[in-house]
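Here's a quick tour for anyone opening this one up for the first time.

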There are 2 protein chains.
Amino acid sequence: MKFRITPVNGGVCVVDGIFASGVKAGFKKDDFDVGFIRSEKEMDIVYLFTTNRFQAAPIKYVKRKNIKKTNFILANSKNANALTGEEGIKDIEELMEYLKEKVEVKNPLMSSTGVIGVRLDKEKIKKAIDKFNFSEKNSYAFSRAIMTTDSFPKEVAFEVEGEFGKFKIGGVAKGAGMINPAMATMLCFITTDADIKDDMREILKEINEITFNAISVDGDTSTNDSVFLMTTREGDYDKEAFREALYQVMLKLALDIVRDGEGATKSVAFVVSGAKNKEEAKKAAKALTNSLLVKTALFGEDPNWGRFASTVGASGVECYEDKLKIAIENVVLYDRGKILMTKEVEKKAHEIMKRDSFKIYIDLGIGEGSFTAYGCDLSYEYVKINAEYRT
Amino acid sequence: MKFRITPVNGGVCVVDGIFASGVKAGFKKDDFDVGFIRSEKEMDIVYLFTTNRFQAAPIKYVKRKNIKKTNFILANSKNANALTGEEGIKDIEELMEYLKEKVEVKNPLMSSTGVIGVRLDKEKIKKAIDKFNFSEKNSYAFSRAIMTTDSFPKEVAFEVEGEFGKFKIGGVAKGAGMINPAMATMLCFITTDADIKDDMREILKEINEITFNAISVDGDTSTNDSVFLMTTREGDYDKEAFREALYQVMLKLALDIVRDGEGATKSVAFVVSGAKNKEEAKKAAKALTNSLLVKTALFGEDPNWGRFASTVGASGVECYEDKLKIAIENVVLYDRGKILMTKEVEKKAHEIMKRDSFKIYIDLGIGEGSFTAYGCDLSYEYVKINAEYRT
């Protein structure tokens with residue numbers, strides 16, 4: 001191994017000169033709801049945003065200003081500042097101006113999550129800004145501040161060392177409901193000091209495809225999802241080491257999001273192989289994570305492989321009954337035309353499905369395309385959370 | 001009006017010389033589970049089948065035999081005879097042979113619904129055939145025999161009279177879960193005596209687009225869905241009258257299916273207008289019926305218009321914040337950039353959402369494309385039914 005990746009504490013504050021925290025602005029009953037990430041040094045920043053046509057005001061703001069360097073991100077939960085038109089953008093401008101009076105900022109930006117279609121309460125956010133301790137290194141408080149229906153905060157950090165030298169990388173994310181193919185209400189902030197020589201956005205995009213774009217909680221795509229990657233460029237760099245570390249950061253956060261899917265009791269990896277090509281493998285794998293019938297079968301711990309097959313068949317990918325193979329971990333349920341599910345096999349599969357986490361293998365037996373998508377089950381709790389979200 | 005459409009009793013038996021019934025074969029605890037439709041006279045038959053790649057054995061059988069005329073349909077519930085390979089087709093052949101010993105049949109066919117991936121219990125079905133009274137006119141018993149998780153049988157019949165003469169038309173359907181765009185586990189049998197002069201399949205396809213293909217319960221598409229249209233050609237015909245009557249038969253059955261969606265407490269029409277074209281209107285309307293966040297908001301009777309907007313935005317259709325308009329019945333919540341949801345407006349909308357059935361209007365304000373899709377809410381009960389389906 002030419003490099004070593006070691007887990008450490010610190011989240012986004014793992015990088016020297018980066019500060020973060022959260023305060024209580026009163027949007028939540030008794031938890032942090034407004035936070036910041038600040039860097040002493042100006043950072044290069046790249047981002048990926050939602051494919052939803054109604055992008056929220058914070059996204060429009062960043063795009064309009066074409067921000068490529070920054071030293072400050074303000075974040076809030078409980079209000080998405082989406083579908084709020086030009087006024088939503090003006091609200092951000094006013095807050096950014098206010099911020100300038102309190103701390104030295106260069107191209108500050110904002111990131112929001114919460115209810116759609118309600119104007120921001122600027123006064124509350126200004127009061128939150130007044131409370132900020134800008135030299136705090138409290139990534140945990142920041143990760144709590146961006147939580148909505150999440151049940152636990154999501155943080156990760158690594159130190160990476162090798163012949164090339166060393167760099168640090170850390171991340172924070174929020175997820176829960178509305179997670180899907182096209183990265184739904186999900187915010188993710190990644191900081192590093194790696195002196196990235198390659199196209200930062202390209203690397204981020206590539207890793208995003210197999211991490212955040214491979215998970216699904218409920219098939220919805222929000223107005224606000226954003227992934228930010230920032231670097232202070234104070235560390236060293238090696239392409240392979242950086243890609244691997246970024247993959248580990250993003251996969252860890254993505255799996256945390258699935259595990260914390262609204263009301264989810266288990267997370268499942270759908271490993272599709274033998275598809276005509278990668279696109280078809282992805283289409284089938286994502287269809288499985290999004291199917292209500294599959295999700296409820298997972299909740300019921302029922303190895304109803306017919307639903308898996310039917311979902312693949314409905315996804316539109318090329319597939320044949322006599323080439324298809326379906327297994328739950330090492331228990332094969334259907335093998336190219338042969339139904340193998342005896343009472344005994346069913347019992348074995350059922351036992352595996354009681355676990356918190358397991359893999360379902362679907363081989364289409366046609367080509368070389370493969371893709372792994374990560375999903376969760378659908379429980380009563382999901383319905384409860386979402387029926388009562390605003391009340 | 002050049003013709004009059006009058007509701008009558010009788011379901012598929014409304015047509016002279018058509019018989020139907022159902023018996024208890026023991027697949028269900030204590031209800032009909034195997035049934036038939038028989039005609040004295042050979043009927044012309046056309047059909048539309050699921051787009052699922054894994055079409056069930058009964059569908060493969062009909063396609064392989066290229067059946068265009070028949071006098072007999074055998075139907076069963078609790079077993080879909082899907083993913084059962086060549087053996088599944090041989091099972092049907094054996095049953096059709098058995099049938100020939102009992103009654104005069106010409107090109108008999110079969111239709112199944114239920115669990116996927118389990119071989120048919122032929123002996124039970126043969127015993128059911130032994131019990132059939134082939135001269136019974138009991139459409140109701142047939143409609144019960146094809147029910148799976150349906151909570152009520154679905155039947156309709158009309159007499160149509162005009163200057164052109166007269167004809168009769170009747171239908172039976174089953175639905176509940178797995179209902180979606182591409183006509184999911186849904187069986188529908190329509191009989192008529194109209195002497196249809198135009199392309200029967202074309203008419204069926206056209207009306208299917210705005211009825212069964214406009215409803216969604218859970219976004220899944222099964223291996224078995226089929227719509228059959230049969231005629232004895234003993235009656236008269238007028239194109240306009242026939243299309244209108246067929247539309248009424250199919251819309252009634254489609255709406256019954258939505259109303260009976262697994263665990264559904266209300267049915268909702270999403271009326272999308274002002275889209276770039278009809279395809280885009282359909283895409284947006286169908287996305288709304290399939291979104292879990294919209295469905296749970298309906299269950300929670302929460303006029304959370306931001307979710308409707310976000311879903312339209314995520315559907316990929318052309319749309320703009322300052323052109324979009326959203327209303328629940330006559331209560332406008334968002335009007336081209338203006339958020340109108342005051343406490344009072346919210347209360348009004350909430351009151352409407354308490355109803356069993358209502359309309360949500362989404363105008364994209366761009367073009368002339370419009371489409372109405374019909375959906376239902378997502379309740380705890382849906383999760384319960386589907387987590388425990390096989391147990």
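This is a predicted model: local features need pLDDT of at least 70, side-chain atom pairs count only at pLDDT 80 or more; totals for chains, interfaces and linings use all residues.

Chain A is assigned two domains, with domain 1 covering 3–259 and domain 2 covering 267–387.

**Helix H8 of chain A**

- Start with helix H8 of chain A, residues 292–299: 8 of its 8 residues are buried, so the helix is largely enclosed by the rest of the structure.
- Those buried residues of H8(A) are Leu292(A), Leu293(A), Val294(A), Lys295(A), Thr296(A), Ala297(A), Leu298(A) and Phe299(A).
- Just past the end of H8(A), you'll find Glu301(A) with a positive phi of about 50°.

**How H8 sits against H9**

- Packed helices like these are described by two things, the angle between their axes and the distance between the axes.
- For H8(A) and helix H9 of chain A (residues 305–314), the angle is about 160° and the axes are 9 Å apart.
- An angle over 145 degrees counts as roughly antiparallel, and H8(A) and H9(A) are therefore roughly antiparallel to each other.
- The crossing of H8(A) and H9(A) is left-handed.
- On the H8(A) side, the contact uses Leu293(A), Val294(A) and Ala297(A), and these meet Arg307(A), Phe308(A) and Thr311(A) from H9(A).
- Sorted by class, that contact between H8(A) and H9(A) has 4 nonpolar, 1 polar and 1 charged residues.

**How H7 sits against H9**

- Ala284(A), Ala287(A) and Leu288(A) from H7(A) meet Phe308(A), Thr311(A) and Val312(A) from H9(A).
- By class, the contact of H7(A) with H9(A) has 5 nonpolar and 1 polar residues, with no charged ones.
- Phe308(A) and Thr311(A) turn up in the contact with H8(A) and again in the contact with H7(A).

**A stop in chain B**

- Over in chain B, Lys239(B) belongs to helix H6, which runs over residues 239–259.
- Lys239(B) has 13 other C-beta atoms within 10 Å and is partly exposed.
- Lys239(B) and Ala194(B) are 45 residues apart in sequence, and their C-alpha atoms are 9.8 Å apart in space.

Key:
Residues are numbered from 1 along each chain as its sequence is written. Chains are lettered from A and ligands numbered from 1 in the order in which they are written. Domain bounds come from an automatic or database domain assignment. A residue is buried if 20 or more other C-beta atoms lie within 10 Å of its own, exposed if 12 or fewer, and partly exposed in between; C-beta atoms are placed from the backbone. Helices (H or I, at least four residues) and strands (E, at least two) are DSSP runs, numbered from the N terminus. Axes are lines fitted to C-alpha atoms, for helices over the stretch in contact, and angles run from 0 to 180 degrees between N-to-C directions. Angles under 35 degrees count as roughly parallel, over 145 as roughly antiparallel, 65 to 115 as roughly perpendicular and the rest as oblique. A crossing is left-handed if the near helix is turned anticlockwise from the far one by less than a right angle, and right-handed if clockwise. Two residues are in contact if their C-beta atoms, placed from the backbone, lie within 7 Å. Ala, Val, Leu, Ile, Met, Phe, Trp, Tyr, Cys and Pro count as nonpolar, Asp, Glu, Lys and Arg as charged, and the others, Gly among them, as polar.
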